[in-house]
Amino acid sequence: GRSEGLSPKPSAMIEGGSFSTLRYGGGLEGSNDWMDYAASFSRMDTDNEVANGSFNQTTFAGNLGLQLSRKTELRAVFRSEAGRSGVPGPWAFERPDLDAYYRRRDISGSLTLTHFQTPSWTQRASYTVNDSYQLSANPLDSGSYTPQYQGRVAPFPYSDWVYESLNQTRRQKLHYQSDLILPLGHLFTAGVDYEHESGLVGDPSLNPASVTRDNYGAFLQDQWSLKNRLFATA
């Protein structure tokens with residue numbers, strides 16, 4: 001967020017076009033010496049040029065920073081996207097499927113604490129979560145059909161069928177990192193990570209497969225640059 005004080009600085013937009021296309025959104029932002037914030041919203045809708053070809057998407061985003069002390073910062077970030085699209089199928093060959101659809105929702109968030117221990121030593125700890133939900137579905141059996149195209153007819157009919165397919169995953173992560181500027185332009189970085197992943201795959205009404213796993217990691221790095229050397233000796 002950027003503004004002269006915490007009073008909200010608003011913004012808004014709207015666009016329109018053919019096929020009933022409409023996109024609109026807005027946001028607020030502000031900042032002062034100890035806090036900054038920004039929040040935004042957008043929405044898009046369109047019907048496209050074939051039955052059950054519609055698409056819509058809604059997005060929210062937020063960013064909040066707090067200066068807890070002269071040396072400590074706390075920042076929270078959030079983003080969400082949700083959308084739905086019709087799935088008309090190969091409509092150039094036969095009638096569109098009027099009920100099939102694909103739905104998706106993605107959510108991401110993080111909380112990060114940064115502490116500037118000294119001008120040469122920075123520590124950072126964070127928690128992040130990412131959640132994805134994807135569902136493909138065909139609620140109704142529209143009956144069989146025989147594809148046709150430019151006077152050509154398929155030798156046998158094709159069938160429609162009812163189905164639901166879910167793919168839902170979540171990843172949570174804990175992260176710690178320490179950066180230390182050493183003499184002669186060296187930047188030494190060390191840290192550890194822990195991740196927990198879980199997921200569901202399959203038909204949500206028929207006990208979909210459930211899986212989980214844990215990941216652990218650690219890293220060390222020594223990076224040299226002339227810029228770090230100049231900063232360390234300034």
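Of the 234 residues in the protein chain of this predicted model, 23% count as buried. The accessible surface of the chain is about 15200 Å², and carbon and sulfur atoms contribute 58% of that area. The secondary structure consists of twelve strands and one helix.

**Fold and overall dimensions**
- Along the sequence, the elements follow the pattern β-β-β-β-β-β-β-β-β-β-β-β-α.
- The chain is more spread out than a compact globule, because its radius of gyration is 26 Å, well over the 17 Å that the globule rule gives for 234 residues.
- Along the principal axes, the C-alpha atoms occupy a box of roughly 80 × 45 × 35 Å.

- Among contacts with a sequence separation of 6 or more, 54% are made by residues 24 or more positions apart.

- Thr58 belongs to strand 4, which spans residues 55-67.
- The relative accessible area of Thr58 is 14%; the cut-off for burial is under 20%, and Thr58 therefore counts as buried.
- The side chain of Thr58 forms a polar contact of 2.7 Å with the side chain of Arg43.
- Leaving aside residues up to four places away in sequence, Thr58 touches Phe41, Ser42 and Arg43, together with Ser80, Glu81 and Ala82.

Key:
Residues are numbered from 1 along each chain as its sequence is written. This is a predicted model: local features need pLDDT of at least 70, side-chain atom pairs count only at pLDDT 80 or more; totals for chains, interfaces and linings use all residues. Side-chain values use heavy atoms; hydrogens and water are left out. Helices (H or I, at least four residues) and strands (E, at least two) are DSSP runs, numbered from the N terminus. The radius of gyration is taken over C-alpha atoms; the globule rule is 2.2 Å times the number of residues to the power 0.38. Buried means under 20% relative accessible area, exposed over 50%, partly exposed in between (1.4 Å probe, protein chains only). Contact means heavy atoms within 4.5 Å. Accessible areas come from the Shrake-Rupley method with a 1.4 Å probe; for residues, only the protein chains shown count as cover. A polar contact is a pair of N or O atoms within 3.5 Å; within protein, one must be able to donate a hydrogen and the other to accept it, and residues adjacent in sequence count only if both atoms are side-chain atoms.
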